[in-house]
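Thanks for coming, everyone. I would like to walk through one model this morning, beginning with a pair of helices and then turning to the sheet.

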Amino acid sequence: MNEKYMKRAIELALMAKGRTSPNPMVGAVIIKGGKIVGEGYHKKAGTPHAEINALDAASKSAKDGIMYINLEPCCHQGRTPPCTKSLIKSGLKKIVVGMIDPNPLVSGKGIKELKDAGIQVSVGLLEKECRKINEVYIKYITTGTPFVLLKVAMSLDGKIATHTKDSKWITGKPSRDRVHQLRDEVDAVMVGIGTVLQDDPNLTVSLKKKKVNDPIRIIVDSSLRIPLDANVFKSPHNPPFRKGGRGGIRVIIAAAKRADDKKVNELKEKGVDVLIIEGNEERVNLLKLMEELGKREIAGVMIEGGSELNSSAIEAGIVDKVIFFIAPRIIGGKDGISSVGGRGIVKLEDSLNIRDVNVDRIGSDIVVEGYLGKNF
């Protein structure tokens, strides 16, 4: 086995980052005689899978070849036919798989079908790397709820705004560009109503490339205070509120049971998906909200909230990963707005530890990311 071919499969998979949801990112490489004779990747949900694209590229050269693929081939009928059938017909002699697909409809069944057909199958090459690129998919397919990334842009002393709520811009342009790239890759961005009322953001993607995908915008607004002309209802790139997949209803507002029925109807007339989350008259239950988002095939959410939404999300236990953009500046002031609000902890021993921490630089800013939830 050669790791460089699996690394190439991973590279191919990542070419579709932000485009395959709720499907995984998958790349496939076919080797014969020590040379690559075919390769492909899954480009978008509903289109041919990586294996099929690689087989088409290899044509007859696939016979007696070896395929490297980062995820177990599917064996069930979904939006597309099962890949195992085509792999068996191709005459491949061996398939090297990075990781077993956690989808219960597949999980080990695809590998068994291939082995039963006489194809050699090896599993686990660069498994850690293969799991990493599909952590969003793994969380979604095993729990039915989205993988949640909490993004914070703050000063060196932990402030996201001054005491007058001035917050533009704390971090530098390279960091802000990275945030737009993240928006382009996730299914949805979530903020609280306080952010909408204070900043009136559009939460769309601004990048210098031909095609971008604006995320679905989720607003946590317990009593539906959002203005009907808010910028989140506008999108320069995608037709608003189109149906199907990631391009589904473009704005979701999560409200509590106390929300005014008239305002609910006004928002629905605009094409907004208003979710009345059961269980609490006053505040939106974020755990139940995640369940509702999962039902809508939203696999990945990035929280770009203010202090209170950040603390509520952490307290609810919905955050899987954090990314903090830290600017080398000090804001100060006891009334400056901290990145995470709420009451906070009583003892340091109760603080949350971030796992698998990675520290990097973007321009003059420091970027710290790591995990809060369990490994997926």
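**Helix packing and the sheet**

Helix α3 (residues 83–90) and helix α4 (residues 109–116) pack at an angle of about 25 degrees, and their axes lie 10 Å apart; axes here are lines fitted to C-alpha atoms, for helices over the stretch in contact, with angles from 0 to 180 degrees between N-to-C directions. Helices (H or I, at least four residues) and strands (E, at least two) are DSSP runs, numbered from the N terminus. The two helices, α3 and α4, are therefore roughly parallel to each other, a label for angles under 35 degrees. The contact, meaning heavy atoms within 4.5 Å, is made by Thr84, Lys85, Leu87 and Ile88 of α3 with Gly110, Glu113 and Leu114 of α4.

Please bear in mind that this is a predicted model, in which local features need pLDDT of at least 70 and side-chain atom pairs count only at pLDDT 80 or more, while totals for chains, interfaces and linings use all residues. Residues are numbered from 1 along each chain as its sequence is written, and side-chain values use heavy atoms, with hydrogens and water left out.

Turning to the sheet, it is open, with 5 strands in the order β2-β1-β3-β4-β5 and mixed pairing, where two strands pair if DSSP finds at least two bridges between them. Its edge strands are β2 (35–41) and β5 (120–123), each of which pairs on one side only. Strands β1 (residues 27–32) and β3 (residues 66–69) run antiparallel and are joined by 4 bridges; valine 29 has tyrosine 68 as its bridge partner in β3.

Methods. Parallel < 35°, antiparallel > 145°, perpendicular 65-115°, else oblique.
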